[in-house]
Amino acid sequence: MPTSSDMTTHTDPALLDALQHQVAVFARRAEQSRLGGVGQARNSMDRAAYLLLNRLDKEGPMGVKALAAGMGIDSSTVTRQVAPLVDSGLVNRASHPEDGRAVVLQLSERGRSRLEEVRASRRALMALVTEEWTEEERDSFCSLLTRFNASLSTVTATLPPVPSSS
């Protein structure tokens, strides 16, 4: 696997500068708008809740450890983020079907309904943002963004931890 110094010597530094700048602008705009959709559901669900509910919807009931591993975060973070979702009735705790002592988290019917409301709002925002794009451009952007996110996840998992400032 090439090192980062190998890649920067073979790739135009101006292109890499432009790419990192556009990613930074995207991150700022995404945080400002929270990409929270349009209409009444706009910004009505934070990113952490959306990602947790979405994963439970796509993959079904699972334990905290599996949820944390799948999201690339630690179990204590998932526990902290899922608590308000349980309190508000969007997620249920249930006994594991094979090991009654273990607990799994599952999307409640209320959670499924709420998630679909938020998805529809966010889908409308994506349609609005890309309304002048062709389907091929949307598809290409989605494929490249998916690839970028996967690469970013892989690379960041191999980087040494950042020392804490405390």
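User: Let's start in the middle of things. Which residues does L105 touch, not counting those up to four places away in sequence?

Analyst: Keep in mind that this is a predicted model. In it, L105 touches L56, P61, M62, V64, L67, V82, V91, N92 and R93, leaving aside residues up to four places away in sequence.

User: OK, and which residues have the most contacts inside the largest nonpolar core?

Analyst: Those are M45, L53, L56, L67, L85, V91 and L105. The core has 18 residues in total.

User: Which elements give two or more residues to this core?

Analyst: Helices α3 (47-59), α4 (64-71), α5 (75-87) and α6 (109-129) do, along with strand β2 (103-107). The largest share comes from α3, with five residues. As a general point, nonpolar side chains in soluble globular proteins tend to be buried together.

User: Let me zoom out a bit. How many helices and strands does the chain have?

Analyst: Seven helices and two strands. Along the sequence the pattern reads α-α-α-α-α-β-β-α-α.

User: And what share of the residues counts as buried?

Analyst: 20% of the 166 residues. The accessible surface of the chain is about 11,900 Å², and 57% of that belongs to carbon and sulfur atoms.

User: What about contacts between residues at least 6 apart in sequence: what percentage join residues at least 24 apart?

Analyst: That's 47% of them.

User: Switching to charges. How many salt bridges does a search of the whole structure find?

Analyst: Eight. One of them links the side chains of R119 and E116, at 3.9 Å from N to O. E116 also meets R123 in a salt bridge, this time at 3.2 Å.

User: How far apart are R119 and E116 along helix α6?

Analyst: They're three residues apart in α6, so about one helical turn separates them.

User: Are those side chains buried or exposed? Take R119 to begin with.

Analyst: R119 counts as buried because its relative accessibility is 14%, and the cut-off for buried is under 20%. E116 is partly exposed, with a relative accessible area of 35%. R123 is also partly exposed, at 48%.

User: Which residue does E135 meet in a salt bridge?

Analyst: R138, with 2.7 Å from N to O. Both lie in helix α7 (residues 135-158), three residues apart, which is about one turn of the helix. E135 is exposed, with a relative accessible area of 52%, whereas R138 is partly exposed at 26%.

User: Which residues do salt bridges with shared partners join into one network?

Analyst: The network takes in D57, E109, R112, E116, R119 and R123.

User: Now aromatics. How many aromatic pairs does the structure hold?

Analyst: One. W133 and F141 make up the pair, with 5.4 Å centre to centre and 90 degrees between the planes.

User: Why does that count as edge-to-face?

Analyst: Because the planes of W133 and F141 are 90 degrees apart, and over 60 degrees counts as edge-to-face.

User: Last one: what sits over the ring of Y50?

Analyst: The charged end of R122, at 4.1 Å from the ring centre.

Key: Residues numbered from 1 in each chain as written. Predicted model: local features only at pLDDT ≥ 70, side-chain atom pairs only at ≥ 80, totals over all residues. Heavy atoms only, no water. Phe/Tyr/Trp six-rings, centres within 6.5 Å; stacked < 30°, edge-to-face > 60°. Lys NZ or Arg CZ within 6 Å of the ring centre and 35° of its normal. Core = buried A, V, L, I, M, F, W, Y, C linked by side-chain atoms within 4.5 Å. Buried < 20%, exposed > 50% of the residue type's maximum accessible area, 1.4 Å probe, protein only. Helix = DSSP H or I, 4+ residues; strand = E, 2+ residues; numbered from the N terminus. Contact = heavy atoms within 4.5 Å. Areas by Shrake-Rupley, 256 points an atom, 1.4 Å probe, with all protein chains shown as cover. Salt bridge = Lys/Arg side-chain N within 4 Å of Asp/Glu carboxyl O.
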